[in-house]
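Here is a briefing on the structure shown below. It goes by topic, in short points.

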Amino acid sequence: MIGSEHLAGWAFVTPGVAIIALFGMAPIIWSALMSFQRNNLLSPSTPFTGLANYRQMVHDPIVAQAIQHTLIYTALFVPGTMALGLFLAVAMNRKIRFIAFYRTAAYATMAISTISEAIVFIWLFDPSYGVVNYFFSWIGVPPQQFLNSPSQALYVIVLMTIWGWTGFAVVIYLAALQGIPQPLLEAAAIDGAGPWRTFRRITLPLLSPASLFLAVWLTINAMQLFDEVYLSTQGGPLNATTVLVYYLYNQAFQDFNFGYASAIAYFLFLVIIVVTVIQFRVGRRYTYYRS
Amino acid sequence: MTATSAPARDGVRSDGRGVLPARRRRRLPFSPWHLVLLPATLVLLFPFAWLVITSLETPAEALHFPPVLTPHVLRFANYPDALASAPFGHFFLNSAIVAVATVLSNLVLCSLAGYAFARFRFLGRTALFAVIMATLMVPFQVTMIPQFIITKWLGVHVLAAVGINHLGALILPNAATAFGIFFLRQFFRTLPLEYEESARVDGASRLTVLIRIVLPLATPALATLAALTFLDSWNNFLWPLIAITSTNQMTLPLGLATFQGAHQTEWTLLMAANVMSLVPMLAIFFGAQRYFIRSVAATGLAGT
């Protein structure tokens with residue numbers, strides 16, 4: 001009977017685990033090894049070259065740029081999405097007319113793929129025929145180059161991705177808001193706290209677990225930004241929007257430098273781990289758990 | 001209760017600051033939040049609206065500055081024109097096949113594994129589960145190069161249908177996920193043991209217990225996993241971009257991106273194609289809105 005439970009356990013997990021082992025676990029080890037090899041598909045042998053790939057990264061000016069762009073993008077995208085999501089969720093957390101319409105409009109951005117989103121925004125921000133330049137002309141702003149401008153392109157990508165993630169942030173914050181016990185807010189009102197004070201002192205602390213989750217989740221996604229860059233700028237103009245994953249993809253599947261690309265991938269992994277740990281450490285101090 | 005007591009108190013305080021909002025609220029026939037929500041919603045919806053408008057314009061109107069906000073004629077021919085220049089029906093079918101197959105295999109494989117991890121005591125369980133959890137933290141970019149090499153090898157040496165340039169290459173690597181196993185295991189552990197135990201005493205096999213007793217109780221968790229897996233699969237871009245190069249095996253995002261590359265200035269066709277690729281997803285999303293919303297909220301709350 002004891003033997004049968006071992007057997008049953010392994011019989012049940014084997015199909016799923018085999019797939020994860022083949023496409024999840026083995027590749028993690030394999031790419032770690034590859035990051036220490038010279039592997040560029042064109043040469044038949046893949047000799048171990050120690051830290052050569054990592055040393056190359058340190059001296060690669062585009063890697064330095066890519067890190068910088070990834071960090072700037074993340075630093076704008078994550079707080080921007082969270083602030084917009086929080087604002088809309090608070091505004092939508094009440095029973096007024098048309099509220100279902102408002103909420104649905106925000107949720108709709110969740111159903112749009114990154115590709116569709118990027119195509120729409122490329123068109124909105126088209127330098128020659130784009131409707132945004134037209135709106136700018138109403139308020140006397142001269143036409144901008146947007147995605148064609150090295151100084152603006154990254155910010156347009158920030159805007160389009162914030163729009164694309166709004167629905168997600170709203171859903172998370174609305175769910176958290178609806179979990180706040182009403183008597184708590186009423187008690188604060190009876191004690192004479194105004195709406196702003198109640199929000200700062202009661203609502204915001206009670207939302208802190210949701211905020212921490214969003215901060216971590218959005219950051220992990222932000223550092224893996226690829227689709228929008230691939231579609232809208234291909235890393236340009238003048239590498240102004242080359243982020244880490246885009247550069248990694250180019251190294252891997254345009255130039256077939258598998259070794260070097262694996263080193264960049266592991267570096268990205270390391271950065272994500274470090275940032276996530278910091279977020280949890282700092283976040284824990286400001287996070288209030290009711291349970 | 002608070003509504004009646006607050007103005008009185010403000011009156012006593014007589015600092016005017018509290019009185020004003022109360023008065024204004026009485027004068028407005030609607031909630032002041034509409035003043036915030038209506039413009040915000042219009043901004044959020046504008047990209048959708050502009051997408052649809054452009055898809056119905058003539059090329060001359062689309063390439064006109066200042067932009068034509070209300071087209072003079074609606075050119076529905078953009079849609080058949082877009083369909084004629086790229087097989088969007090085919091892309092859609094491919095996306096649907098990949099998404100449905102991925103969802104089904106995840107439901108089956110993750111249920112089996114999740115149940116074993118939740119209920120069975122077997123040699124190596126703890127260690128195996130820890131290793132699976134560790135893979136959850138690793139970004140796709142770390143595994144994509146070996147995954148590409150493995151997929152290529154499988155296609156050549158084992159089965160062509162799961163190799164590069166076949167839909168199977170998009171299904172097999174995601175047929176079971178660490179997240180799915182973890183998610184279902186957590187849910188199974190919250191179920192009461194009694195039913196399962198009494199069924200076992202009555203002589204039911206472990207598989208029968210899982211299928212007849214546990215899975216019916218786990219419908220909400222299965223629906224959540226299905227919704228999240230579907231969204232992920234439908235929107236996936238980077239892996240199809242790597243694994244698929246021939247047009248007739250492309251999924252919608254990849255087909256759309258390729259179409260964009262080939263028709264960069266034909267905005268009306270591009271937007272028509274974009275609308276066509278968006279509408280099915282929007283329809284599914286709003287048809288099952290409650291499930292999708294609950295699923296996303298559930299992962300958020302589980303994470304907190």
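How many helices and strands are there in chain A? Chain A has 12 helices and zero strands; helices are DSSP runs of H or I with at least four residues, strands are runs of E with at least two, and both are numbered from the N terminus. The model is predicted, so local features need pLDDT of at least 70 and side-chain atom pairs count only at pLDDT 80 or more, while totals for chains, interfaces and linings use all residues. Residues are numbered from 1 along each chain as its sequence is written, and chains are lettered from A and ligands numbered from 1 in the order in which they are written.

**Chain A overall**

- The radius of gyration of chain A is 24 Å, well over the 19 Å that the globule rule gives for 291 residues, so chain A is more spread out than a compact globule. The radius is taken over C-alpha atoms, and the rule is 2.2 Å times the number of residues to the power 0.38.
- Along the principal axes, the C-alpha atoms of chain A fill a box of roughly 75 × 75 × 30 Å.
- Of the 291 residues in chain A, 43% are buried. A residue is buried if 20 or more other C-beta atoms lie within 10 Å of its own, exposed if 12 or fewer, and partly exposed in between, with C-beta atoms placed from the backbone.

**Between the chains**

- The contact takes 77 residues from chain A and 76 from chain B. Two residues are in contact if their C-beta atoms, placed from the backbone, lie within 7 Å.
- Helix α1 (residues 2–34) of chain A gives the most to the chain A side, with 22 residues.
- That side of chain A divides into 60 nonpolar, 13 polar and four charged residues. Ala, Val, Leu, Ile, Met, Phe, Trp, Tyr, Cys and Pro count as nonpolar, Asp, Glu, Lys and Arg as charged, and the others, Gly among them, as polar.
- In helix α6 (residues 131–138) of chain A, A:Val131, A:Val132 and A:Asn133 are buried. The buried residues of α6(A) pack against α5 (114–124) of chain A together with α3 of chain B.

**Domains of chain B**

- Chain B is assigned domain 1 (2–79) and domain 2 (82–303); the bounds come from an automatic or database domain assignment.
- The C-alpha centres of the two domains of chain B lie 37 Å apart.
- Nine residues of domain 1 of chain B are in contact with 11 residues of domain 2 of chain B.
- On the domain 1 side, α3(B) gives the most, with four residues.

**Backbone details**

- The peptide bond from A:Gly236 to A:Pro237 is cis, with omega near -15°. A:Pro237 lies in the loop between α10 (227–232) and α11 (244–253) of chain A.
- A:Asn239 is in the loop between α10 and α11 of chain A. A:Asn239 has a positive phi of about 65° although it is not a glycine, and is partly exposed, with 16 other C-beta atoms within 10 Å.
- A:Phe146, also not a glycine, has a positive phi of about 50°. A:Phe146 is buried, with 21 other C-beta atoms within 10 Å.
- In chain B, a cis peptide bond joins B:Phe65 and B:Pro66, with omega about 0°. B:Pro66 is found in the loop between α4 and α5 of chain B.
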